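Here is a friendly walk through a two-chain model, meant to be read with the structure open beside you.

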Amino acid sequence: MTRLDADLGHIRAANPRRGIRSWTLISTRIFRVHWMLLIGAAIFSTIALTLLVTPWIAPFDPSSQNILKRLASPSAAHWFGTDQLGRDVFTRVLYGGRFSVAMAAITLILCAVVGTIIGAISARAGGAADELLMRLVDLLVAFPDVVIALFLISVFGPGYGTLIVALTITGWTPFARLMRGLTLEVNTKEYIEAAEALGCSRWFIIFRHIIPNTLGPIFAISFLRFGHKLITVGALSFLGLGVQPPNSDWGAMLADARNFMDRMPWLMITPGLAVFITALSVTLIGKGIELERNRGRDENASSPYLK
Amino acid sequence: MTSIVLNAKKEVGAVQLAEPILDIRNLNVGFARNRLIAIDALDLTVRRGEIVALVGESGSGKSMTALTAMRLLPVGAGIISGEVRVHGRDLLALPPSAMNAVRGREIAMLYQQPKIMLDPTATIGRQIAEPLQIHRGLSLKDAWPHVIEALRDVGIPEPERRAMSYAHQLSGGMAQRVMIAAALSASPDILIADEPTTALDVTVQAQILKLLVRKRDEASLAVLLITHDLMVVSAIADRVAVMYAGRIVEEGETRAVLRSPRHPYTQALLRSSLLAAEEDGRLYAIPGSASAARGLSCGCRYHPRCQAARSLGIEERCRSQEPSLSTASASPGHQSRCWGVQVTAGGMQ
């Protein structure tokens, strides 16, 4: 054994995170990204692809009932069993996922766009307008978002539109706060003054110079917020305020399964797991992006992977 | 470098007949918090096709003059009174929205640190296209041929490829060329260049100065060149104004001012520059600091550091009364703000 090998062996023996390290090595060597980003992206793209092609691959019709086979245990025909109306749970998880993930994605994008623009305007305007907008954010943050959503839904009636509007109204605030801080930072940059010296208007500067320079953190927080959105959509559907029968999403499936929880736990476990895995994968992507962004800056502190 | 660029200089007689593009009148600018006067009753005119240098040490108010003209003063600084006329229109009286139509279109600015003045997330082509999009209403696609032409014009090789690159891929000199292309793309009439070559190395400095002179000649551009480098001044400026503590202390044709400086501060500045090293090769340093002028309510701003006042024995006058700008030599327009000059001139009559 050469001296170098001996040293390496020594280092390996002293490193309790060897298992993780070999993972990170594959991730960083081959794909050149953080392992969290790699795994999150792999899981989420599988889920997204599956949900996209659901109408062609689903083994059953999501609403076809077969009372004779109601509340069946998992089998070769019905992978996740059947529900109280004899519908195939696997098919319903797939179709439900289309609603849940789409709703979460739409509201998230709306929140990100609205929050980013309001945050940028607030920071650029300064003074009373800034103060007013930020106090509005404080006010919205102080209320639990489900309560505000419940209020709006009770006024406008349940449905997709209301759900999206309600979740956007309650969900833009973290983006606005983050964007305001980022804008204040970018505002001090010399290229903003140079843009002003070229005659760029306020809007031109916000859209062409400030937003592109803040997209990294905005993307990271968007992914981190996705899980939260998915769960909120699920919670509102669970309360019967989102998707209406015969359609259903993961939250509505959980609500239906509640009555049979003691006898048929998979009715509840499968949509629950679906929410969990989807939220986890997107959160991993977000965390991975964040770590990836910080890589050059603070190598020792925040990167457990290849230096 | 000096001689090459000097050859490009225009005939002085022709310059003086040209119309004034930038006309600053009785400008006063100050900081509200510490009641500091940054610019004190400044008068300055830049005519078409003329390069006027504004020189002075740090804190003399040169950059503040530039920022006032652009109306991009930092928070805390305010215009007390005065006019900044471009083509006879007072910019300080315009509403802020109208200023956007003036910046880049009529008056443009170059900065000291070109690399940090470019947005890191946008290609340089897009940034050069911006003034065309804003002021001419062109789409990015329609502006693109102009962008390529502008890049070629400022001497960027392979402009089609370079237009797609980002600020971090450029050297300092390249970035300054890009900034010049961007500043001039909507063909403004006056360019304010705030220390455009200070951050560049000497060979690149000469190239950038030559480029400025060429643009001046081609487009009859008026240039207000802000610098502390007298080498740069002697190389390209037609006229020079020397600022000290917010006031212009001497003004005139470059040759007259640099060959026969009248104000003791200009003389000291010249002695402390590389143009005139001491006989033993050492550089002269002006005793005292410019902060001595802060808080002076009367008298000549320079008198605490002035040796001429002491040797002429007129210290009392320098301390109590402020001299006006008055004719300093036979050269047309050569003026200085000094009791000593006025006393000697009067004595000679």
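## A buried arginine in chain A

Let's start with A:Arg180, which counts as buried because 23 C-beta neighbours lie inside 10 Å. You will find A:Arg180 in helix H9 of chain A. Leaving aside neighbours within four places in sequence, A:Arg180 is in contact with A:Gly119, A:Ser122 and A:Ala123.

## A partly exposed alanine in chain A

Is A:Ala58 buried, or partly exposed? With 17 other C-beta atoms within 10 Å, A:Ala58 is partly exposed. Its place is in the loop between helix H4 (54–57) and helix H5 (89–125) of chain A.

Beyond neighbours within four places in sequence, A:Ala58 has contacts with A:Thr91, A:Leu94 and A:Tyr95. For A:Leu94 the C-alpha to C-alpha distance from A:Ala58 is 7.5 Å, across 36 residues of sequence.

## Helix H3 and the annotated spans of chain A

Helix H3 of chain A runs over residues 35–52. Its 18 residues should span 26 Å at 1.5 Å a residue, and the end C-alpha atoms are 25 Å apart, which agrees.

An unreviewed UniProt entry lists residues 35–58, 99–121, 133–153, 159–179 and 264–285 of chain A under "transmembrane region". In the model, residues 35–58 of chain A are 92% helix and 0% strand, with end C-alpha atoms 31 Å apart. For residues 133–153 of chain A, the figures are 90% helix and 0% strand, with 24 Å between the end C-alpha atoms.

The pLDDT of chain A averages 79, and 82% of the residues score at least 70. Within chain A, confidence is highest in helix H9 (residues 173–187), at 91, and lowest in helix H15 (residues 299–302), at a mean of 44. Across residues 298–307 of chain A the pLDDT is below 50, and this stretch has 15 contacts in the model beyond near neighbours in sequence. Where pLDDT is low, the predicted coordinates should not be read in detail.

## Where the two chains meet

How many residues of chain A are in contact with chain B? There are 15 of them, in contact with 22 residues of chain B. On the chain A side, helix H10 (190–197) and helix H11 (202–210) are the elements that give two or more residues. H10(A) gives the most, with six residues. Sorted by class, the chain A side has seven nonpolar, four polar and four charged residues.

## Chain B as a whole

Chain B holds 15 helices and twelve strands. Of its 349 residues, 46% count as buried. Among contacts in chain B with a separation of 6 or more, 65% join residues 24 or more positions apart.

The unreviewed UniProt entry gives residues 24–270 of chain B as "domain: ABC transporter". Over residues 24–270, chain B is 39% helix and 26% strand, and the end C-alpha atoms are 26 Å apart.

## Helix H9 of chain B

Helix H9 of chain B covers residues 202–219, and its 18 residues reach 26 Å from the first C-alpha to the last, close to the expected 26 Å. Its buried residues are B:Gln205, B:Ala206, B:Ile208, B:Leu209, B:Leu212, B:Val213 and B:Arg216. They cover an arc of only 165 degrees around the axis, which puts them on the same side of H9(B). The face turned away from that buried side carries the exposed residues B:Thr203 and B:Glu218.

## Positive phi values in chain B

B:Ser220, which follows H9(B), has a positive phi near 50 degrees. B:Asn26, in strand S1 (residues 20–31) of chain B, has a positive phi near 45 degrees. B:Asn26 counts as exposed, with 11 C-beta neighbours inside 10 Å.

B:Arg71 is not a glycine, yet its phi is positive, at about 55 degrees. Look for B:Arg71 in the loop between helix H3 (62–70) and strand S4 (77–86) of chain B. B:Arg71 has 19 C-beta neighbours inside 10 Å, so this residue counts as partly exposed.

Methods
Residues numbered from 1 in each chain as written. Chains lettered and ligands numbered in written order. Predicted model: local features only at pLDDT ≥ 70, side-chain atom pairs only at ≥ 80, totals over all residues. Helix = DSSP H or I, 4+ residues; strand = E, 2+ residues; numbered from the N terminus. Buried ≥ 20, exposed ≤ 12 C-beta atoms within 10 Å, placed from the backbone. Contact = placed C-beta atoms within 7 Å. Expected span 1.5 Å × (residues − 1). Arc of directions from axis to C-beta. Nonpolar A, V, L, I, M, F, W, Y, C, P; charged D, E, K, R; others polar. pLDDT = per-residue confidence, 0-100. UniProt positions renumbered as here; feature names shortened; annotations may be inferred.
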